[in-house]
Amino acid sequence: MPTLAEVLEARTAGAAPELIEPLTKGRIRCYACGHECPIPEGAVGVCKVRFVRGGQLHVPWGYVGGVQCDPIEKKPFFHAHPGSLAYSFGMLGCDLHCSYCQNWVTSQALRDPSAVSAPTDVSPQALVSHARAVDARVVVSTYNEPLITSEWAVTIFREARAAGLMTAFVSNGNGTERVLNYLRPWIDLYKVDLKSFDDRHYRQLGGRIDPILFTIRRLHDMGIWIEIVTLLIPGFNDDPDELRRLTAFIASVSPDIPWHVTAFHKDYRMSDPENTTPEMLMEAAAIARDAGLRYVYAGKIPGRVGDLENTRCHGCSALLIERFGYLIRSYRLTREGTCPECGTAIPGRWGSAFGGQIASAPFLPGTRRLRMF
Ligand code: SF4
């Protein structure tokens with residue numbers, strides 16, 4: 001019986017030339033994520049899914065660890081085609097090892113023997129045709145860390161773009177200049193998890209904060225639509241001063257970047273902190289507002305966070321999009337993406353009209369198809 005690592009080794013291709021640099025003594029530097037591993041012959045990178053053999057960097061290829069149809073609000077993107085369906089695929093592995101990971105079955109499959117998730121072989125054409133068949137608007141690389149499987153994502157995104165679909169990453173943002181340049185022509189939306197504003201916290205998770213801050217700035221400069229999520233974990237990243245610095249940083253990049261502060265629930269190996277309460281989310285949101293952010297949302301506790309699930313115009317405060325969890329209850333933007341009351345342009349990627357909501361809860365392809373409204 002082959003191990004999961006052996007199964008995955010058979011599902012690889014050569015790395016994109018843009019993402020590698022030959023070093024001395026047969027080592028190859030990988031630039032797919034901020035670790036920039038100098039990998040010797042016969043060794044794997046920190047992510048454990050990219051490895052050097054025969055003088056070549058092998059990267060994951062030709063499979064998915066899972067596919068699911070999600071409301072785009074789940075990713076979460078609140079300012080990109082509300083109500084549309086995000087056809088979401090993941091591979092296996094991650095370059096960080098967060099003990100509270102909520103996708104650990106796919107992200108930690110190579111590190112944790114209890115995280116089993118078998119790969120399914122698939123072609124980009126089959127995935128995209130499946131996405132179209134379920135009326136998806138966006139194809140999303142998610143569930144594991146997509147940066148470490150960028151070559152496969154770009155191959156699928158090329159196909160998706162040709163079919164008229166948008167593309168997105170749901171990522172920890174541990175990027176490099178090279179990988180962002182490689183992705184730039186093929187990606188429309190990018191969600192970054194900004195897990196903390198303390199480098200010591202990032203080191204506990206196996207990373208550093210600088211590449212994440214670099215990624216956020218660079219994505220914004222590149223004109224890629226970005227939304228940022230912080231999972232608020234009591235005792236880990238909820239210090240008001242840290243939240244002030246974190247949200248001030250986002251506002252310094254752009255006050256128009258939506259910030260989602262979401263509730264932690266005990267999971268995986270992190271069971272010590274208490275669950276996040278609605279009051280904690282609302283206090284964090286108030287800090288973000290004070291820092292100058294215009295679009296602040298509280299997630300994962302529907303119906304208990306006041307107005308923090310809704311989108312209001314930053315010019316006149318008119319209610320533009322009303323939500324309950326992932327459900328769109330009302331939509332009032334004009335076809336130009338402006339406020340119908342005062343004409344302010346609302347930042348985001350809007351369609352010319354609200355197309356109705358395909359589903360307000362995730363579902364597996366083939367199990368059901370639901371059109372709301
Ligand atoms: S993706 Fe990141 S962790 Fe994996 S080999 Fe490349 S630089 Fe290292």
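Me: Leaving aside neighbours within four places in sequence, which residues is Thr-142 in contact with?

Reply: The partners are Lys-75, Ser-88, Phe-89, Gly-90, Met-91 and Val-170, where contact means heavy atoms within 4.5 Å. Before you read much into that, this is a predicted model: local features need pLDDT of at least 70, side-chain atom pairs count only at pLDDT 80 or more, and totals for chains, interfaces and linings use all residues. Residues are numbered from 1 along each chain as its sequence is written, and side-chain values use heavy atoms, with hydrogens and water left out.

Me: Why is Thr-142 called buried?

Reply: Its relative accessible area is 3%. Buried means under 20%, exposed over 50%, and partly exposed in between (1.4 Å probe, protein chains only), so Thr-142 counts as buried. Thr-142 sits in the loop between strand S11 (136-141) and helix H4 (150-162). Helices (H or I, at least four residues) and strands (E, at least two) are DSSP runs, numbered from the N terminus.

Me: What makes Ala-251 buried?

Reply: Same test: 15% relative accessible area falls under the 20% limit, so Ala-251 is buried. Ala-251 is placed in helix H8 and touches Ala-291, Gly-292 and Leu-293, once residues up to four places away in sequence are set aside.

Me: And Thr-338, why is that one buried?

Reply: At 16% relative accessible area, Thr-338 is under the 20% limit, so it is buried. Thr-338 is in the segment after strand S19 (327-331).

Me: How do you know that the side chains of Thr-338 and Thr-334 make a polar contact?

Reply: The two side chains are 2.6 Å apart in that contact. A polar contact is a pair of N or O atoms within 3.5 Å; within protein, one must be able to donate a hydrogen and the other to accept it, and residues adjacent in sequence count only if both atoms are side-chain atoms. So 2.6 Å is within the cut-off.

Me: On to the rings. How many aromatic pairs does a search of the whole structure find?

Reply: The search gives 6. One of them is Phe-197 with Phe-249, at 5.8 Å centre to centre and 40 degrees between the planes. Rings of Phe, Tyr and Trp (its six-membered ring) pair if their centres lie within 6.5 Å; planes under 30 degrees apart count as stacked, over 60 as edge-to-face and the rest as tilted. At 5.8 Å and 40 degrees, this one is therefore a tilted pair. Phe-197 is in the loop between S13 and helix H6 (199-204), and Phe-249 is in helix H8 (residues 240-253), 52 residues apart. Both are buried.

Me: What makes Phe-354 partly exposed?

Reply: Its relative accessibility is 22%, which is between the 20% and 50% limits, so it counts as partly exposed. Tyr-331, at 16%, counts as buried.

Me: How much space lies in the largest pocket?

Reply: About 980 Å³. It is lined by 43 residues, and the closest to its centre are Gln-102, Asn-103, Lys-191, Asp-193 and Lys-300.

Methods: On a 1 Å grid over the protein atoms alone, a cavity is a set of points where a 1.4 Å probe fits but cannot get out, and a pocket is an open set with protein on both sides within 12 Å along at least five of seven lines; lining residues have an atom within 4 Å of a point. Grid points are joined across faces, edges and corners, and a volume is the space filled by probe spheres set on the points.
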